[in-house]
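This report walks through one protein model, from single residues to the whole chain. Please keep the sequence and the coordinates in view while reading.

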Amino acid sequence: MGGAETGADRGVAPPGVPMPLHEVDMAGGAARASGVGELDRVLGGGFVPGSVTVLGGEPGIGKSTLLLQALGASSASGWRALLVTAEESAAQVRQRATRLGADRAGVLVVSETALPHILDHVEAVAADLVVVDSIQTVHEPALGSAPGTVVQVRECAQRLVAMAKERGVAVVLVGHVTKEGSLAGPRVLEHVVDTVLSFEGDRHHALRLLRATKHRFGPTHELGLFEMTEAGLVGVPDAGGLFLADRHPGVPGSVVVPAIEGTRPLLVEIQALVAGKDIPQPRRSAQGLDGGRLALLLAVLERRVGLSLGGSDVYVSAVGGVRLTEPATDLAVALALASAAVDHPVPDDLAAVGEIGLAGEVRQVAHLGRRLAEARRLGFGRAVVPMSAPEPPAGMELLRVATLAEALVGVLPMS
Ligand code: TYD
Ligand code: MG
């Protein structure tokens, strides 16, 4: 006793060795494909051994289904895959797996909620990929508190992270997100884990969107698209026109925008409806679009174009359960509003894209060439675009505009 304590005395891992950055071994960071294409796209290749991923989403959205399919697919390519089911029984999982064609010999399943047992199982089966479904139902008995509390969720996640790093296992934690945010979920885990995936969608639509909101091993902007079918989740690799399927031509208030989600161009129909006059407290509703942006566009329409919708109810939506956040949708939203207001449709083969500034100017947007190419591929022959737009693809005519007012005059009978 007496002397200064060393790291070894305190039971701490041995010290690291500083080394030149370019000599650091990168092999440990190589991703391994899960075999579910859209999932691998979002992950930038696949799961990284030793990493921990949280898959968050509302109950019933399809998290267990997606991961069961990923377990099945990765076991087919030689992973030792372990599912720790802490919500459903092993028999329930088997039933679902059979339906999904994921009931492979390489997928091990154990029904377990106690963390120490889970850690033992991972070690005993020498798993490469472990899914814990869900982190909110796992608990460390020594802590005494109930499963799902912040203390439990954080402690269990931290211990699983330590295990993942130590053993080089890829771990995926399912985390339920509730609208009320009453459960301790993905938010509590964000800074503990390497990757946070969010699984979204409207339960009334079959479409499911997968995004990375945090990712230490790659970009966070990729979007994965699935459809929930009788046979589980089916990837949608060509999603360009997915949102146009039910479009009715010739309806006022409908304008298509070539949006970009991640690196994927998506053509999305924007719909607007303007109803009533001189309503004292008119409604403003934006579905799949930003409400603040709608207010801004209404103000620009009033002050820069002289089109006042102040006394009318105004509804706008991005069709198909998709959420568009980029300002590049401004021009299409403004055109849809004006088209609805004057009750005159814009041409069916017209797409519109551009950001709108407070002065009513139409500003340039990123990736315009890619957006226009996709619109052309899906049959659009005309596009309203900012002045600086590149040359259009063959067969497409551009209406270049400097202001929103010019755009309106170009496509609608405005006085
Ligand atoms: P689930 O993966 O259990 O959701 P989570 O784990 O996020 O709570 O999926 C639940 C829903 O998905 C369920 O309501 C039924 C539907 N579903 C299908 O439509 N097809 C299928 O093949 C499967 C397995 C589920
Ligand atoms: Mg589930």
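S34 is buried, with a relative accessible area of 0%. Buried means under 20% relative accessible area, exposed means over 50%, and partly exposed lies in between, with a 1.4 Å probe and protein chains only. S34 sits in the segment before α1. Helices (H or I, at least four residues) and strands (E, at least two) are DSSP runs, numbered from the N terminus.

A polar atom of the S34 side chain lies 3.1 Å from the backbone nitrogen of V36. Setting aside residues up to four places away in sequence, S34 touches L39, D40, G46, F47, A70, A73 and S74. Contact means heavy atoms within 4.5 Å.

## Basis of the model

This is a predicted model, in which local features need pLDDT of at least 70 and side-chain atom pairs count only at pLDDT 80 or more, while totals for chains, interfaces and linings use all residues. Residues are numbered from 1 along each chain as its sequence is written, chains are lettered from A and ligands numbered from 1 in the order in which they are written, and side-chain values use heavy atoms, with hydrogens and water left out.

## The chain as a whole

The protein chain has ten helices and 18 strands. Its C-alpha trace spans about 90 × 50 × 50 Å along the principal axes. Of its 415 residues, 47% count as buried.

Among contacts with a separation of 6 or more in the protein chain, 68% are between residues 24 or more positions apart. The chain exposes about 19,300 Å², and carbon and sulfur atoms supply 53% of that area. Accessible areas come from the Shrake-Rupley method with a 1.4 Å probe; for residues, only the protein chains shown count as cover.

## A nonpolar surface patch

M19, L21 and V24 form a nonpolar patch on the surface. Together they have about 330 Å² of accessible area. Patches are made of residues with over 30% relative accessible area and no salt bridge; like charges are joined within 9 Å, and nonpolar side chains (Val, Leu, Ile, Met, Phe, Trp, Tyr) within 5 Å. A salt bridge is a side-chain nitrogen of Lys or Arg within 4 Å of a carboxyl oxygen of Asp or Glu.

V24 is found in the segment before α1 (37-43). V24 is partly exposed, at a relative accessible area of 39%.

## One aromatic pair

The structure holds one aromatic pair. The ring centres of F199 and F226 are 6.0 Å apart and the planes stand at 85°, so the pair is edge-to-face. The pair links distant parts of the chain: F199 is in strand β6 (residues 195-200) and F226 in strand β8 (residues 223-229), 27 residues apart.

Rings of Phe, Tyr and Trp (its six-membered ring) pair if their centres lie within 6.5 Å; planes under 30 degrees apart count as stacked, over 60 as edge-to-face and the rest as tilted. F199 counts as buried at 2% relative accessibility. F226 counts as buried at 1%.

## E261 and R211

E261 belongs to strand β10 (residues 254-261). R211 belongs to strand β7 (residues 207-215). Their side chains are joined by a polar contact of 2.8 Å. A polar contact is a pair of N or O atoms within 3.5 Å; within protein, one must be able to donate a hydrogen and the other to accept it, and residues adjacent in sequence count only if both atoms are side-chain atoms. The R211 side chain also makes a polar contact of 3.3 Å with the side chain of E200.

E261 counts as buried at 9% relative accessibility, and R211 counts as buried at 18%. Neighbours within four places in sequence aside, E261 is in contact with R211, H221, L223, L266, R323 and L324. The C-alpha atoms of E261 and H221 are separated by 7.3 Å, though the residues are 40 apart along the chain.

## Backbone exceptions

Most residues other than glycine have a negative phi, and most peptide bonds are trans. The peptide bond from D133 to S134 is cis, with omega near 0°. S134 lies in the loop between β4 (129-133) and α5 (150-167).

D343 is not a glycine, yet has a positive phi of about 55°. D343 is in the loop between α8 (330-342) and β14 (350-352), and counts as exposed at 58% relative accessibility. H367, also not a glycine, has a positive phi of about 55°. H367 lies in the loop between β16 (362-363) and α9 (368-377), and is partly exposed at 43%.
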